[in-house]
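Please have a look at the sequence and the structure before reading on.

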Amino acid sequence: MIICKKFFMGSLFQNPAGSEKDGLTSAFSRLALLKKPLVTMVIFMMVTMAWAQQSSTDGEISVEESYLQQSIENMIIRDQSRTGGRDEKLIAMEYIEDAISRGNTSKEVLDALEYLSLEGLTNKTRENGRVINNFPDIRKRAVTNLGNIGTPEAKNTIIRLVISEPEPMVLTEAFKSLAKIGLNENGETVNAIAWVVNRFESGRGDEQMAISALEAFEILSEKNKGVINNTAITTISRIASSNHYNRLIRDQARLVLDKLRLQAAEVQSKNK
């Protein structure tokens, strides 16, 4: 009961001007207005918070209790990521980020991020023929967190996203996450980045995305012992000579080419 009371009197349902009784009444009134998935989430979080307090009183929680608490958290994340509109997705993202910060990178968390990263792309909800779940800001946060997880599965999900993603701000973040993960088996990561940059350059190009791509190529080369394929080199060369980009970006592209040449030379020297 103490946990429930503290929860409802917290920042989500705060009523600083009223009495404690009025605050609780207001809290329950607001809770009644929330959608069912969110109500379920709140109830589950209250249960887990109460359990956590009880465990801290009795001593360290057991492995079974820890596993069950994570299972409840995973269930909340899974259900919340797949229901409702943008507000519900934002709440799901907050719980995902909190879970990752505590080391929970379970399959359920990864699956939820995969779903959210493709929200409005491959996972479309239509109303009168119009897509109503296109949330670029959600996809951007999803790829950031996939980069924080850093597994091959996370990398594969990001590559799936970049192939169909139309928003430069999401792609810019996706390139950063791919560079952070650093995996480039068979050149698939640099190939995906190069393909996107070339696709946008056929229109008007995007300067922030080009900068992010250049940084990603450089980092991926460093993490893979100077190995970079011709597709990346060709793309960087095109950025260096394209009128779609300003002089600073073209100069940066030339600097990256010089660094890649030096890295390749060092690798050849060590292999002799």
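How many salt bridges does the count come to? The count comes to 15 salt bridges, where a salt bridge is a side-chain nitrogen of Lys or Arg within 4 Å of a carboxyl oxygen of Asp or Glu.

A word on the source: this is a predicted model, in which local features need pLDDT of at least 70 and side-chain atom pairs count only at pLDDT 80 or more, while totals for chains, interfaces and linings use all residues. Residues are numbered from 1 along each chain as its sequence is written, and side-chain values use heavy atoms, leaving out hydrogens and water.

**Charged pairs**

Side chains of opposite charge can pair when their charged atoms come close.

| Pair | Distance |
|---|---|
| Asp137 and Arg86 | 2.5 Å |
| Arg141 and Glu97 | 2.9 Å |
| Glu201 and Arg238 | 3.6 Å |

Take Asp137 and Arg86, joined by a salt bridge. Asp137 lies in helix H7 (residues 136-149) and Arg86 in helix H5 (residues 86-101), so this pair ties together parts that are 51 residues apart in sequence. Helices here are DSSP runs (H or I, at least four residues), numbered from the N terminus. Asp137 is partly exposed at 24% relative accessibility, and Arg86 is partly exposed at 37%; partly exposed covers the range between buried (under 20% relative accessible area) and exposed (over 50%), using a 1.4 Å probe and protein chains only.

Arg141 and Glu97 form another salt bridge. Arg141 sits in helix H7 and Glu97 in helix H5, so the pair ties together parts that are 44 residues apart in sequence. Arg141 has 27% relative accessibility and is partly exposed; Glu97 is partly exposed at 27%.

Glu201 pairs with Arg238. This pair links distant parts of the chain, with Glu201 in helix H10 (residues 188-201) and Arg238 in helix H12 (residues 230-241), 37 residues apart. Glu201 counts as buried at 8% relative accessibility, whereas Arg238 is partly exposed at 37%.

**The nonpolar core**

In soluble globular proteins, nonpolar side chains tend to be buried together. The largest nonpolar core in this model has 56 residues, and those with the most contacts inside it are Leu113, Val162, Phe175 and Ile193. Such a core is a set of buried Ala, Val, Leu, Ile, Met, Phe, Trp, Tyr and Cys residues joined through side-chain atoms within 4.5 Å. Leaving aside residues up to four places away in sequence, Phe175 touches Val162, Ile193, Val196, Val197, Met209, Ser212, Ala213 and Ala216, a contact being heavy atoms within 4.5 Å.

Technical notes
Helix = DSSP H or I, 4+ residues; strand = E, 2+ residues; numbered from the N terminus.
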